[in-house]
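Student: I have a model open on my screen and would like to learn how to read it. Could you walk me through some features?

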Amino acid sequence: MAERLQEQYATDRNLRSRISLHDAYSVNGHWFDWLFDREAPGPGARILDLGCGPATLWLVNRERVDASWSLTLADLSAGMIEAARHELGDRATYVVADAQELPFPAASFDIVIANHMLYHVPDRPRAFAELRRVLVPGGAFHASTNGRGHLAELAALIPGQNEWSYVEAFGLETGPQQLEPFFAEIRVERFDDALAVTEVEPVLAYIRSTSRYRGEDLTSARKTVEAAIARDGAFHVTKSQGVISCRRPQPGTGDGAATIRV
Ligand SMILES: C[S@@+](CC[C@H](N)C(=O)[O-])C[C@H]1O[C@@H](n2cnc3c(N)ncnc32)[C@H](O)[C@@H]1O
C-alpha cells in the first residue's frame, strides 16, 4: 500500500469520522442497509468481504446476518482487521490480504464483496483476475463505489482541488468497462441521496480525515459553510454512490456481457 494510503487506513479512525458525517446528515436513510439488500446472498453462502474496513456493513445489519453464512473478512490493513475482529468476534474468519494476491484456493467463495476499495488497488486487472479465480462459476461479485460529482461541494472547499480522483480510477462510470474482460451480467445500481449539513465542524473534520488533505488553511472553507447554513439552513452536498454487480461466467458462456445501468 502506498505510504499515504497505509497511514490513512492504519486504524479505523479516519474512516469512522467520514462515515459519521454520512450517518448524521444524509437525507435518505442508511447506505449500508441499502447495500446489504443488494449484496446479501442466499442461505449457506461462503462470502468474502475484501477491503472490509471495520466491518461496518455487517455491524449495521447485524440482525440480518444469516447464521448459515460462512463469512471471511479480508483487508490489507492489520489495524482494520483488528477493528473488525473486535466488533464481530468469532462470527467471521479474518485475514490480512492484498486484493492483488489472494491467499485462497480457486472457487472457494459463492460471493465476493469489495465495497469502496477497488480505486485504491494499484493493479486492478490483477485483482479482478484474483477475484474471479476465488469465485465459483456463476458466483456473484459486488463492488460499491462513488460516481462523478460525489461530494463535489466538499471537494471544492479544499483550495486547488475540485474532484476526487478515485472516481476516475474505479467509479460507477469507469468501473464497468474495467470489469467486462473478467465478469458477465454487469449491472450498475445507484443510491439516491444527498447531505444537508447543519453544523460547520463535522464538515471540517471530514476534510481533515481525507488522504487528500495536506494541512491547508480551512478558514475560507469555514466561512463558505457558515454562509450556506445561514442562507439556506444547511450546507447541501451532492452524493453519487452505488454498486456494480456482476458474475463469474459459467464455463463455455464467454467472458463479457452487456452492461445494464439502472
Ligand atoms: C474506504 S475503505 C472501505 C471499507 C469498507 N469496505 C466500507 O465500505 O466501509 C477501503 C478499505 O480498503 C482497504 N484496502 C486498500 N487497498 C487494499 C488492497 N490492495 N487489498 C485489500 N484491502 C485494501 C483499506 O485498508 C480500507 O480498509
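**Reading the model together**

Tutor: Gladly! Let's begin with A107, which lies in the loop between β3 (93–96) and β4 (109–113). Keep in mind that this is a predicted model.

Student: What is the phi of A107?

Tutor: The general idea comes first: most residues other than glycine have a negative phi. A107 is not a glycine, yet its phi is positive, about 55°.

Student: Where is E185 found?

Tutor: E185 sits in strand β6 (residues 184–191). Its phi is positive too, near 55°, in a residue other than glycine. E185 has 18 C-beta neighbours inside 10 Å and therefore counts as partly exposed.

Student: And how many other C-beta atoms lie within 10 Å of A230?

Tutor: There are 8, so A230 is exposed. You will find A230 in helix α11 (residues 219–232).

Student: Let's go inside. Which residues have the most contacts in the largest nonpolar core?

Tutor: In soluble globular proteins, nonpolar side chains tend to be buried together. Here the largest nonpolar core has 48 residues, and L50, A84, V112 and F141 have the most contacts inside it. Leaving aside residues up to four places away in sequence, L50 touches A74, A99, V112, I113, A114 and M117. A second, separate core has 12 residues, including L21, L154, V225 and V237.

Student: At what angle do helix α2 and helix α10 pack?

Tutor: Two packed helices are described by the angle between their axes and the distance between the axes. For α2 (residues 13–25) and α10 (residues 201–209), the angle is about 145° and the axes are 9 Å apart. The crossing of α2 past α10 is left-handed. On the α2 side the contact uses N14, S17, R18, L21 and A24, and on the α10 side P202, A205, Y206 and S209. These contact residues comprise 5 nonpolar, 3 polar and 1 charged.

Student: Last one: which residues come nearest to the ligand?

Tutor: Of the 20 residues around the ligand, the nearest are Y9, G51, G53, N115 and M117. That shell divides into 10 nonpolar, 8 polar and 2 charged residues.

How values were computed: Residues numbered from 1 in each chain as written. Predicted model: local features only at pLDDT ≥ 70, side-chain atom pairs only at ≥ 80, totals over all residues. Near = placed C-beta within 6 Å. Nonpolar A, V, L, I, M, F, W, Y, C, P; charged D, E, K, R; others polar. Core = buried A, V, L, I, M, F, W, Y, C linked by C-beta atoms within 7 Å. Buried ≥ 20, exposed ≤ 12 C-beta atoms within 10 Å, placed from the backbone. Contact = placed C-beta atoms within 7 Å. Axes fitted to C-alpha atoms, helices over the stretch in contact; angles between N-to-C directions. Helix = DSSP H or I, 4+ residues; strand = E, 2+ residues; numbered from the N terminus. Left-handed = near helix turned anticlockwise from the far one by under 90°.
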